[in-house]
Structure formats: structure tokens, C-alpha cells
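Here is a short tour of one structure, written to be read with the sequence and the coordinates at your side. Please keep the viewer open as you go.

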Amino acid sequence: MSAWLLNLGRDKYVIVPKEDHDQLETLARRQVREDAADSAIARRRNAKGSSKPYGELRKQLGLE
């Protein structure tokens with residue numbers, strides 16, 4: 001991937017060829033979809049609550 005750095009005043013910009021931009025955009029969209037899927041999985045797990053009630057777990061460990 002070739003890129004050029006362009007300074008305009010205090011701002012810096014990177015110029016990349018269209019093909020490289022398209023590849024980066026595709027990767028970014030894939031990452032966003034994966035992050036959304038991971039978040040959905042986490043929300044479902046949290047909505048279920050703990051897998052075993054705390055009191056039952058304490059009994060199994062001999063803490064009660």
C-alpha cells in the first residue's frame with residue numbers, strides 16, 4: 001500500500017489510492033459487524049443472569 005502524507009497548516013492528511021481505500025473500508029465494515037455480533041452475544045449472556053444461583057453455589061462449595 002502506498003500512501004502520501006499531506007500537511008496543510010497544522011492538519012495532516014493521508015492520501016491513499018482508491019483500491020487501498022476500498023480494502024481498508026471493507027476491513028473496517030467487517031470489524032464493525034464482528035463487534036456488533038460480540039456485543040449482542042454479551043447482552044444475551046448478561047440477560048440470562050448467572051448460570052447457577054449464588055446460594056446453590058455457596059452450598060456446593062461448603063460455605064453455608
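Helices (H or I, at least four residues) and strands (E, at least two) are DSSP runs, numbered from the N terminus. The model is a predicted one, in which local features need pLDDT of at least 70 and side-chain atom pairs count only at pLDDT 80 or more, while totals for chains, interfaces and linings use all residues. Residues are numbered from 1 along each chain as its sequence is written, and side-chain values use heavy atoms, with hydrogens and water left out.

Buried means under 20% relative accessible area, exposed means over 50%, and partly exposed lies in between (1.4 Å probe, protein chains only). Met-1 counts as exposed, at 67% relative accessibility. Contact is used for heavy atoms within 4.5 Å. Leaving aside neighbours within four places in sequence, Met-1 is in contact with Val-16, Asp-20 and Leu-24.

Asp-20 belongs to helix 1. The C-alpha atoms of Met-1 and Asp-20 are separated by 6.4 Å, although the two residues are 19 residues apart along the chain. With neighbours within four places in sequence again set aside, Asp-20 is in contact with Met-1 and Ser-2.

What about the charge on Asp-20? Lys and Arg count as positive and Asp and Glu as negative, whereas His and the chain ends are not counted. A salt bridge is a side-chain nitrogen of Lys or Arg within 4 Å of a carboxyl oxygen of Asp or Glu. Asp-20 is buried yet has no salt bridge, and the nearest side chain of opposite charge, that of Lys-18, is 11 Å away.

Side chains of opposite charge can pair when their charged atoms come close.

| Salt bridge | Distance, N to O |
|---|---|
| Asp-22 and Lys-18 | 2.9 Å |
| Glu-25 and Arg-29 | 3.3 Å |

Asp-22 and Lys-18 both lie in helix 1, 4 residues apart, which is about one turn of the helix. Asp-22 is partly exposed at 30% relative accessibility, while Lys-18 is exposed with a relative accessible area of 59%.

Glu-25 and Arg-29 are separated by about one helical turn because they are 4 residues apart in helix 1. At 33% relative accessibility, Glu-25 counts as partly exposed, and Arg-29 is exposed with a relative accessible area of 52%. Glu-25 can also be placed relative to Asp-11: the two are 14 residues apart along the chain, and their C-alpha atoms are separated by 22 Å.

**Patches on the surface**

Patches are made of residues with over 30% relative accessible area and no salt bridge; like charges are joined within 9 Å, and nonpolar side chains (Val, Leu, Ile, Met, Phe, Trp, Tyr) within 5 Å. Accessible areas come from the Shrake-Rupley method with a 1.4 Å probe, and for residues only the protein chains shown count as cover. The place of a charge is taken as NZ of Lys, CZ of Arg, CG of Asp or CD of Glu.

Which residues form the positive surface patch? Arg-43, Arg-44, Arg-45 and Lys-48 do. Lys-48 is found in helix 1, which covers residues 18-48. Lys-48 is exposed, with a relative accessible area of 71%.

A nonpolar surface patch of about 490 Å² is made by Trp-4, Leu-6, Leu-8, Tyr-13 and Ile-15. Strand 1 and strand 2 (11-15) each supply at least two residues of this patch, and the largest share, 3 residues, comes from strand 1. Leu-6 lies in strand 1 and counts as partly exposed, at 34% relative accessibility.

**Helix 2**

Finally, look at Arg-58, which has its place in helix 2 (residues 54-60). Arg-58 counts as partly exposed at 25% relative accessibility. Not counting residues up to four places away in sequence, Arg-58 touches Leu-63 and Glu-64.
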